[in-house]
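Hi there,

Here is the structure I promised to pass on to you. Have a look at it first, and my notes on pockets, cores and cavities follow below.

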Amino acid sequence: MPLLELHAVTRTVRLPDLSELHILRGVELTVEAGEHIAIVGRSGTGKSTLLNILGLLDSPSTGQYLLDGVDVGRLGGRRRARRRGDDFGFVFQQFNLLPGRTALENVVAPLLYARGRTFWRRTRIAAEMLDRVGLADRLDSLPARLSGGEQQRVAIARALVREPRVILADEPTGALDVDTGNEIVGMLDAIATDTGAALIAITHDLAVASRARRHLRLGDGVLTPIDIAPRTGGTLESLVGSDSAAAR
């Protein structure tokens, strides 16, 4: 059974002038446990909207989303929130760290909602995860004292500390220089492989996309397969083409 399935998923919003903006027009997607997928597309094609639906932060207008064969649309708010916390880890372009908290405290934060042994061992678990991303010596540092790459490492540790089954990465290297970005993506890929988590990344960066085993383009509200070779030297625009309608 696939881990995630989207069937004919649409997302439409009503604008102030009462017209409708069709962001997603019939997305089909199947994701197996442990897969690494890259989704590319021009700005405004709905990539973040799709990621929010996958991470249970938003709901489709129509269509079906199955998680472990369970129709997500039938889950109540509390069960959706629990599955979001248990099954998904989020890595964003902007690191979204708590500025007044240390690296360790930022990574501990998701474990405050854990249960049983994990809750009581939360500080040790967070410290071990920071060690895994190479920050064992920066546990007590505030975000302002960390470089961009170090902040993204903290964000990755925070996303993975609850051992999610799915990692959703939204432009994870967008705020980093090329070398640091490549290092971060390599680390994210390696940890996902080690833990068996599915990794779904949306990106404008061909170097990031080429690391995935499956590549998809989001355009005109639908997903289509594309091929991105590791040696690709062209621009993203040359691969994704143009879209007839902009979306969020």
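**Pockets**

Helix H2 gives the largest share of the lining of the largest pocket, 5 residues. Helices and strands here are DSSP runs numbered from the N terminus, with at least four residues (H or I) for a helix and at least two (E) for a strand. Before you go further, please note that this is a predicted model, in which local features need pLDDT of at least 70 and side-chain atom pairs count only at pLDDT 80 or more, while totals for chains, interfaces and linings use all residues. Residues are numbered from 1 along each chain as its sequence is written, and side-chain values use heavy atoms, with hydrogens and water left out.

The largest pocket holds about 560 Å³ of space. A pocket is an open set of points on a 1 Å grid over the protein atoms alone, with protein on both sides within 12 Å along at least five of seven lines; a cavity is a set of points where a 1.4 Å probe fits but cannot get out; and lining residues have an atom within 4 Å of a point. Grid points are joined across faces, edges and corners, and a volume is the space filled by probe spheres set on the points.

Of the 18 residues lining the largest pocket, Arg84, Gly85, Phe88, Phe90 and Pro110 are the closest to its centre. H2 (77-87), S6 and H6 each supply at least two lining residues. The lining has 10 nonpolar, 2 polar and 6 charged residues, where Ala, Val, Leu, Ile, Met, Phe, Trp, Tyr, Cys and Pro count as nonpolar, Asp, Glu, Lys and Arg as charged, and the others, Gly among them, as polar.

The second largest pocket has a volume of about 250 Å³. Its lining includes Gly85, Asp86, Arg115, Glu128 and Glu163. H2 and H5 are the elements that give two or more residues to this lining, and H5 has the largest share with 3 residues. By class, the second largest pocket is lined by 5 nonpolar, 2 polar and 5 charged residues.

**Helix H6 and the cores**

H6 (residues 148-160) has 13 residues and spans 18 Å from first C-alpha to last, close to the 18 Å expected; that expectation is 1.5 Å times one less than the number of residues. The helix is largely enclosed by the rest of the structure, because 11 of its 13 residues are buried (under 20% relative accessible area, with a 1.4 Å probe and protein chains only). What covers these buried residues includes S6 (88-92), H3 (103-108), H5 (122-132), S7 (166-170) and H7 (178-195).

The largest nonpolar core has 33 residues, and Val107, Leu130, Val133, Val154, Ile156 and Ile167 have the most contacts inside it. Such a core is a set of buried Ala, Val, Leu, Ile, Met, Phe, Trp, Tyr and Cys residues joined through side-chain atoms within 4.5 Å. H6 gives the most to this core, with 6 residues. Beyond its neighbours within four places in sequence, Leu130 is in contact (heavy atoms within 4.5 Å) with residues including Val107, Val154 and Ala157. A second, separate core of 30 residues includes Leu3, Ile39, Leu67 and Phe88.

H7 and strand S8 (198-202) are the elements that give two or more residues to the lining of the largest cavity. That lining divides into 7 nonpolar, 1 polar and no charged residues, with His36 and Leu188 among them.

Best wishes

Technical notes: Buried means under 20% relative accessible area, exposed over 50%, partly exposed in between (1.4 Å probe, protein chains only).
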